[in-house]
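Look at the model shown here.

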Amino acid sequence: SFAFAANATDYSATLTGASDYLFNGISQTGEDPAIQGSFDIGFDNGFYVGTWASNVDFGSGDDANAEWDFYAGYSQDFADGWNYDLMINQYTYVGESDYNYPEVSAAITAPTDTTLRVWYTWKQFGQSNLDHTYVQLHQGYAIDEIWGLEAAYTYSKALSGPGADTYWYGKDHYSNWLVGVTASYQGFDFALNWQDTDIDNAKEADGRIFFSVSRTFDFK
């Protein structure tokens, strides 16, 4: 248990309301709003554990109604303003356990608020032996203590396994991106951005405006 490796130094919970639940540009809620929440514990040696949940809707005839994830990781600062983060995440879907799958990721963040993260799973969305990866480059920019800008580009690819060649709406890969503004005020965090993909045959992957507001509560 991480609790025996170090003392817990930070507990936090976050509640979020969003105009949609977009996972790499694709709606997970049938283009409807999402209510999301998380609880995290950080330890003084760099380890952390947490859980995150959101409502989902994959269409009529699908019994999944919520996604509930569990994760653990290790993060450390190094050099001057650099950080690395290693994480393993377990996706679980309430109502459709066949979708459950594990995922590992690694990220590095530069002093310029530039983050490169790579994710990998060997069981994409519960499909046995379907290897899948995605890579994201995210850039943030603080205008002042309240306002900021962000942009991100993500490339997702099914590597091998059943249906890999046609996994993403008839092809094995797709790209998505976002550009927008962020704000933090009176303990609330806001995001307003435009997200789009290069998938042109799925309504849930169309370009759209995304808005979210969240509040994090810290417990010592």
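How many salt bridges does the structure hold? It holds 6 salt bridges, each a side-chain nitrogen of Lys or Arg within 4 Å of a carboxyl oxygen of Asp or Glu.

## The model

This is a predicted model, where local features need pLDDT of at least 70, side-chain atom pairs count only at pLDDT 80 or more, and totals for chains, interfaces and linings use all residues. Residues are numbered from 1 along each chain as its sequence is written, and side-chain values use heavy atoms, with hydrogens and water left out.

Side chains of opposite charge can pair when their charged atoms come close. D20 sits in the loop between β1 (8-18) and β2 (22-23) and R208 in strand β14 (residues 208-219), so the pair ties together parts 188 residues apart in sequence. Strands are DSSP runs (E, at least two residues), numbered from the N terminus. Both D20 and R208 are buried, meaning under 20% relative accessible area, with exposed over 50% and partly exposed in between (1.4 Å probe, protein chains only). A network of salt bridges links D20, E31, K203 and R208.

D85 pairs with R117, their closest N and O atoms being 2.7 Å apart. D85 lies in strand β7 and R117 in strand β9 (residues 114-121), so this pair joins parts 32 residues apart in sequence. D85 and R117 are buried.

## A third pair

K157 forms a salt bridge with D172, with the closest N and O atoms 2.7 Å apart. Is K157 buried or partly exposed? K157 is partly exposed, because its relative accessible area is 24%. D172 has 18%, so D172 counts as buried.

Conventions. Helices (H or I, at least four residues) and strands (E, at least two) are DSSP runs, numbered from the N terminus.
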